[in-house]
Amino acid sequence: MKITVFTQGISPIVGPILDKYGIQEVVESGPRGAVGKPAKPTRLETFCIERQIPYFWLVKNRRKDLVDFLRQRELELGVVYSMSQLLPEEVLNLFPRGIINAHPSLLPAYRGPNPYFRMFYDGATETGITIHYLDKGEDTGDIILQEKIPVVRSADFDLYSQVKSRLGPLVLSALRKIEDGSVRRIPQPAESPTARAANVSADTIEELLRDLPLSLDDAAFFYRNTLGSLPLRQMGIRRMSGDWTVKCCVRDNGFVRGGRLQEWSRIYWTRYGFAIPHREGWIVLSLRGCKIKCLLKMLRDVLMRRDV
């Protein structure tokens, strides 16, 4: 089966699909609002070059070029995960077997680009992954498979890790069903039981969270499971991209400056490292798998700014 992958970065679907089926071509979605190509190859582009996989960088002003690129290829089935934009209907129509998408919620709940934030803001007790066909709507296509994930309110629960570990096997299961003709398409209802899971700005976070009665531990649980979906550059981590998580909580009155609680929508450099303020203290952040190179970048960032 000839598979085209649409994604951002070396996401959890890339390895399993490559190992099982091979990848015909890769379309990488650039950040929202981006135009043109980055000055240096992305990690995913380098990955493709090393394996001689045709690669296309997609931003909004290159949609026509995407159609031209795909028309030159021998297409069969597309697989999408973590796209920053909707694919136009003209692209959907190029794939004889359609395009499927892996969405990190139990559709039709939490349709939209940012289910993590809205899900944890709403206090959902269960979530999951949905594999569904794309249509011209937003996360409205027929469902192929779903897997439920209970939300466990504990200090070590991390939904990103749960999704990452389950995503590859679930996508491969859907591909097997499509390949052998046993796939059963389950239409979605027209309406979602939840509000659209839109992306959030730093100002929106400030507005929504400041008056929410969350304890320090509850706020840490919230951020541990939503950091990857937040605008970290807007919030204060300007030069350190990567996989951020909550390291610990610190009870400390240093979060008050000039008699005023500092902004919940900002990440400050403190004596504990990068941290988010709370009425009871700080939520301290760290980079997963941070190596020497990461630490040197962090040091450079710190030398250029001191917040607290």
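Guide: Let's begin with pairing: two strands pair if DSSP finds at least two bridges between them. Keep in mind that this is a predicted model. With that rule, four strands make an open sheet in the order S8-S13-S12-S11, and the pairing is antiparallel.

Visitor: What makes S12 and S13 a pair?

Guide: Strand S12 (residues 273-278) and strand S13 (residues 281-287) are joined by 4 bridges in the antiparallel sense. The rule asks for at least two bridges, so S12 and S13 count as a pair. In that pairing, Ile-276 stands opposite Ile-283 in S13.

Visitor: Why are S8 and S11 called edge strands?

Guide: S8 and strand S11 (268-270) each have a single partner strand, so one side of each has no neighbour in the sheet. Neighbouring strands here are turned by 45° against each other on average, direction ignored. Helix H8 (residues 216-224) packs on this sheet, touching S8, S12 and S13, and its direction makes about 170° with that of S8.

Visitor: Staying on S8, how do you know that Thr-245 is buried?

Guide: Thr-245 lies in strand S8 (residues 244-251). Its relative accessible area is 11%, and buried means under 20%, so Thr-245 qualifies. Leaving aside residues up to four places away in sequence, Thr-245 touches several residues, including Asp-158, Arg-224, Val-284 and Arg-288.

Visitor: And what makes Cys-249 partly exposed?

Guide: Cys-249 has a relative accessible area of 28%.

Visitor: What joins S1 to S2?

Guide: S1 and S2 run parallel and are joined by 4 bridges. The requirement is at least two, so they count as a pair. Phe-6 stands opposite Val-27 in S2.

Visitor: What puts the buried residues of H2 on the same side?

Guide: The buried residues of H2 are Leu-44, Glu-45, Phe-47 and Cys-48. They cover an arc of only 155° around the axis, which puts them on the same side of H2. Cys-48 has a relative accessible area of 1%, so it is buried by the under-20% rule. On the face turned away from the buried side, H2 carries the exposed residues Arg-43, Ile-49 and Glu-50. The buried residues of H2 pack against S1, helix H1 (14-20), S2 and S3.

Visitor: Why do the buried residues of H3 line one face?

Guide: In helix H3 (residues 63-71), Leu-66, Val-67, Phe-69 and Leu-70 are buried. Seen down the axis of H3, they fall within an arc of 160°, so they line one face of the helix. The face turned away from that buried side carries the exposed residues Lys-64 and Arg-71.

Visitor: Which residues have the most contacts inside the largest nonpolar core?

Guide: They are Ile-100, Ile-131, Leu-175 and Tyr-223, in a core of 71 residues. Its largest share, 9 residues, comes from helix H6 (residues 159-180). A second, separate core of 16 residues includes Leu-66, Val-67, Leu-87 and Phe-95.

Terms used
Residues are numbered from 1 along each chain as its sequence is written. This is a predicted model: local features need pLDDT of at least 70, side-chain atom pairs count only at pLDDT 80 or more; totals for chains, interfaces and linings use all residues. Side-chain values use heavy atoms; hydrogens and water are left out. Buried means under 20% relative accessible area, exposed over 50%, partly exposed in between (1.4 Å probe, protein chains only). Contact means heavy atoms within 4.5 Å. The arc is that of the directions from the helix axis to the C-beta atoms. A nonpolar core is a set of buried Ala, Val, Leu, Ile, Met, Phe, Trp, Tyr and Cys residues joined through side-chain atoms within 4.5 Å. Axes are lines fitted to C-alpha atoms, for helices over the stretch in contact, and angles run from 0 to 180 degrees between N-to-C directions.
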